[in-house]
Amino acid sequence: MSIRFFSLTVLIVICYMCLSCEEVIDIDLPSSDPKLVVEANLDYNFMDYSQPSVIKLSLTTEYFSKDVPPANGAIVWIEDANKNTYPFSEVENSGFYITSFAPDITDGQELTLHIEYDNEKYEAKEQFYKLDTEITLSQSKTSYFNKSFYEVQINYRDSQLDYENPERHYYLTEQQRNRGSYSWTVQNNEFREGNVLTSTYISEDAQIGDTIHFNLYKISKNYYNFIYKISSSVNNGGGPFQIPSSTVKGNVRNMTNPKNNALGYFRITEQKSASHIIHPEQEE
Amino acid sequence: MINKPCKHPLFLLLFLYFSQSFSQNHFTIKGTVRDQNESLPGAIISLKENANSFLSDENGRFEITLEEGLYTLQINFLGYKEHVEHIALHENKTLDIRLDRDSALLNELIITQNSKTLDIKKPEMSINSLKAEDIQKMPVILGESDLVKALVQLPGVTNAGEGASGFNVRGGTAGQNLILLDKASVFSSSHLFGFFSIFNTDAIHDIKLYKGGVPARYGGRASSVLTVNQKSGDFSQFQGTGGIGVISSRLTLHGPIAREKVSFIVSGRSSYAHLFLKLQDNKNAAYFYDLNTKISYHFDARNKLFLSGYFGRDLFSFQNALNNKFGNTLINLSWEHQFSSSLYATATVNFSDYIYNLTLDFVKFNWHSSIKNYNISYDLSHQINDNWSLKYGTQNVLNHFFPGEISPSEESSSIKHRVFERKQAWENSVYLEAEHRLTADLTFNYGLRFTNFRRFGNETINLYANDLPITYDPSLEIYSEAAITDTYTYAKNKTISNYHNWDPRITAAFQLSDTESVKAGYTSMTQYLHLLSNTAAPTPLDIWTPSGPYIKPERVHQWALGYFKNLKQGVYTLETEIYYKKGNNHIDYIDGAELVGNEHIERVILNGSSRAYGLEFLFRKNSGKLTGMLSYTLSRSEQRTPGRDTTEIGINNGEWYRTPHDKLHDLAVTISYTLSDKWNFNGSFTLQSGRPATYPDSQYEYLGTRIPNFGLRNHYSLPAFHHLDFSCSYTPKPNSTKKWKSEWVFGVYNVYNRKNAASISFKENDDHYNEAVKMSIFGIVPSITYNFQF
């Protein structure tokens, strides 16, 4: 997580804590033609090969629409540097395309995702970064504003490996409580090169006995930038301090009509996971 | 660096052949209007014989040329006794007029009041001046009178909304305002993220805002100039004023150190420590304080020395998890010297410092950044003859940028200590400004300012392939930070970048009749220091950076035309202006730009252009029991950042888009009614277009989250912004002869509790559906303040 993110969040909290009020309003919003959205997460978990690789294709829809339409009937495959192809097949008009035969991968290798949908061809290239670090988890209890919270931290040492661009390494962490929904954050190793990086799960709802599950990924700079922009689109309600938002561009190109690139991203990562069960703790 | 003053510098000769004089039986009366302590700008000098009137200038000086004869001058200034001067004019005369306080009039905490009658003859336009008293009269949030909130009532001045720092003048950004507190430049004008300005109105003598028509003696910023002058202490008697309010309290003490020679003023203000916070939790604090001081030393009639200072800080601390401190420090030393009745000089040395410190315990780091400047200037004001006066001088500013230092806040922290590369630059200017009366009806103010900006080492500059710090991927249409290919270290004092610019300025006033005039002007302004801000409103974290190899100076040109009229001997005044501005090298940011903690800021910046145009209308009633003002602005402020070449998409597809502070309509009405000696009522109403917003035109799902897909930038507007405010002041014993005088001020902000939208955000609720959420900051806010004077 960046310093900026922290600082702005803090500002907003201070500034509006007791003064502001929020209310849900009705508003007329513009609409636009549906676009293809790609969520292609080729996450290698070398400890657990049982999970199939899943690519999710959907369409953009009106902002207030309750359902997000899937993109059905696409032809999807992955191609490696040796021109080997690995087809994905759709599960019952769900927009989920799966395969059990993902290509073997080595550090720095590039793969290409191909999609043919609605008579248009899409392509995305991405590089794989190996995650050569071990995870440890720790728990603490703190209080903010007279409420106490359990904090669970994931700690991992910044990669010592040098890639083509040795200056930065980028990480994504996902956090989940009791099989609920995931939240995610990205951070890079700036100011902490080679040191231990941490990411914290903190929630008012967390109780003793809850399981907090973490996934850690090493990601490309492109994907880091992508997720960073996605985060600021989602956290857009910053009052006067909000940062201008615009369409977040990913890495899926439209080869038929270059003016109509797909949204979303094709990522290749190594995933490491760990879980923690919250245990009772002495009050400070 | 200081020029020796000389009465006839060579370069003046160039201009002299323009000059002409009137027929020989005309003589000139020159004078200065002042009270015990300081000069009185805006005093009315009325000439009984021909019912003409004049105003004293910002130094309290005036000049009248008349035929030989007998005249009676009446000098008036509110709060002072009228002064009458009989003159037999058969030679040039110099007057030193001292006005005495009229204690009967001084029944409120009014110290001075400017006459608002327009000086229609003066080639000065796009300028608004306010006295501390004007500001104190406006009803404001939380009972604290505030300079910036008063400014935004004026036409052409806006801000990004409630709770937004800074202010915007004629479409310019907040970082383009040159703010001078007693000649020292102020980097941040807000306390508490814009809820208050850093200026304590008790310590302010007068302010002047140049929205355009900026004289050549000011430079360094591209949009406007705000001069704020602190009060001098009383030279004869020890006095105090103060106030106790719901948010803050203040106390001002002033008086003589040596009678009629040396005076001091100390003015302090502090908010309460748990502002906005729950009281039971004493680990938290959020407050600000500031201190204004000034020592005035009148050596003799010809020499005056002023030493003034400002120190202000905002402090926030939460549970020891966060400590945040920021603020300005200013010190100014000015020496005013009168060489002769026609030549005045001011030598100034000042220092300005803005710091920002942050400790975040949960990330275990300390952050510290600052910007400092040192300024030496020498300004001369020179009356050549009846139709000619000149101002010339030099200003030399040394800027030190300390972009940041990050360090671990405790031993267990994994943060590595790092100090960002310091930057430094000289900004040296000379200027010459002439006020020139060509005919009895036509007067010009023209001038030229030359600035040299030199950024110098010791500094290491990054090098990039093709000198481009930003790369562009044409297939994905994404801008991203380029890799640093190499670095180059400039040795100490070695020039890194050198820029120089000539900024011409001209304003003409043509008098149509005794009561009306048209004025036109052109201003060119260059800015070498850039305030990096990617949020809709500036935050205290915003960072200043100098022009250099990758960031070019920003240049703005402005044209303005106006019509001015005094009605009923100045009881009513009307000012209308239209303007057009265009600028280049306007900074814009690539999507996802991180500005804070970014050492290589050039890797997120693109250069664009800006434009703004508008119509301003200001109608005032200046005297009587009922006074007031109606101001309306119709304006547009836009920016555009096209691609660097035709293959690039630019920002917002290279189209013009509205700046975050663009407001098409802006109407403000302020009324003040004096019912009796005891009761005074004020009301104000504001109606504005909502500020620009970006709305999503669709949504999609990614990583299990609903993502709003935003359309064209700033293409939509928030709902209209309006509120009505009231305040009244009650003076229990207006005719009391005791030294202790007091008043109560009761105020209500936003009387009908309008929930104005500060922002509309788009987010997924707990049921995983999208919704639009309006955030509003102030509903109805009542306040009460007790003011006293002794």
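**Note on a predicted two-chain model**

1. Strand S1 of chain A (21–25) runs antiparallel to strand S51 of chain B (residues 770–776), and five bridges join the two. Within this pairing, A:Val24 has B:Val773 as its bridge partner in S51(B). The model is a predicted one. Strands of a sheet pair through backbone hydrogen bonds, in either the parallel or the antiparallel sense.

2. How many residues does each chain bring to the contact? Chain A brings 89 residues and chain B brings 85 residues. Between them the two chains bury about 8,300 Å², and 60% of that area is on carbon and sulfur atoms.

3. Polar links also cross this interface. The rule finds 27 residue pairs in polar contact between chain A and chain B, counting pairs with both residues at pLDDT 80 or more. On the side of chain A that touches chain B, at least two residues each come from helix H1 (3–16), strand S1 (21–25), strand S2 (36–44), strand S3 (53–59), strand S9 (135–144), H2, S15 and S16. Which of the chain A elements gives the most to that side? Helix H2(A) does, with eleven residues. By residue class, that side of chain A divides into 43 nonpolar, 26 polar and 20 charged residues.

4. Five salt bridges are counted between chain A and chain B. In one of the salt bridges, B:Arg418 pairs with A:Glu190, and the closest N and O atoms are 3.9 Å apart. Side chains of opposite charge can pair when their charged atoms come close.

5. Over all chains, a search of the whole structure gives 35 salt bridges. One of the salt bridges lies within chain B, where B:Glu616 pairs with B:Lys211 and the closest N and O atoms are 3.1 Å apart. B:Glu616 belongs to strand S39 (residues 605–621) of chain B, while B:Lys211 sits in the loop between strand S15 (204–210) and strand S16 (224–230) of that chain, so the pair ties together parts that are 405 residues apart in sequence.

6. Chain A has an open sheet of twelve strands with mixed pairing, in the order S12-S11-S14-S16-S2-S3-S6-S5-S4-S7-S8-S15. Its edges are strand S12 (182–188) and strand S15 (252–254), each of which pairs on one side only. From one strand to the next, the twist averages 25 degrees.

7. Strand S7 (residues 110–117) and strand S8 (residues 120–127) of chain A run antiparallel and are joined by eight bridges. In this pair of strands, A:Ile115 stands opposite A:Tyr122 in S8(A).

8. What does helix H2 of chain A lie across? Helix H2 (residues 221–234) lies across S8, strand S11 (170–177), S12, strand S14 (211–219) and strand S16 (263–277) of chain A. The helix runs at about 125 degrees to S12(A).

9. Chain B contains an open sheet of four strands, ordered S3-S2-S5-S6, with antiparallel pairing. Strand S3 (52–55) and strand S6 (83–89) of chain B are its edge strands, each pairing on one side only. Direction ignored, neighbouring strands of this sheet are turned by 25 degrees against each other on average. Strand S5 (residues 69–76) of chain B pairs with S6(B) over seven bridges in the antiparallel sense, and B:Thr72 stands opposite B:His86 in S6(B).

10. Two backbone details deserve a look in the viewer. Most residues other than glycine have a negative phi, and most peptide bonds are trans. B:Gly457 and B:Asn458 are joined by a cis peptide bond, with omega about 15 degrees. B:Asn458 is placed in the loop between strand S28 (442–456) and strand S29 (459–463) of chain B. A:Phe191 is a residue other than glycine with a positive phi, near 70 degrees. The loop that holds A:Phe191 lies between S12 and strand S13 (196–203) of chain A.

Terms used: Residues are numbered from 1 along each chain as its sequence is written. Chains are lettered from A and ligands numbered from 1 in the order in which they are written. Side-chain values use heavy atoms; hydrogens and water are left out. Two strands pair if DSSP finds at least two bridges between them. Axes are lines fitted to C-alpha atoms, for helices over the stretch in contact, and angles run from 0 to 180 degrees between N-to-C directions. Contact means heavy atoms within 4.5 Å. Buried area is the accessible area (1.4 Å probe) that two parts lose on being put together, summed over both. A salt bridge is a side-chain nitrogen of Lys or Arg within 4 Å of a carboxyl oxygen of Asp or Glu. A polar contact is a pair of N or O atoms within 3.5 Å; within protein, one must be able to donate a hydrogen and the other to accept it, and residues adjacent in sequence count only if both atoms are side-chain atoms. Ala, Val, Leu, Ile, Met, Phe, Trp, Tyr, Cys and Pro count as nonpolar, Asp, Glu, Lys and Arg as charged, and the others, Gly among them, as polar.
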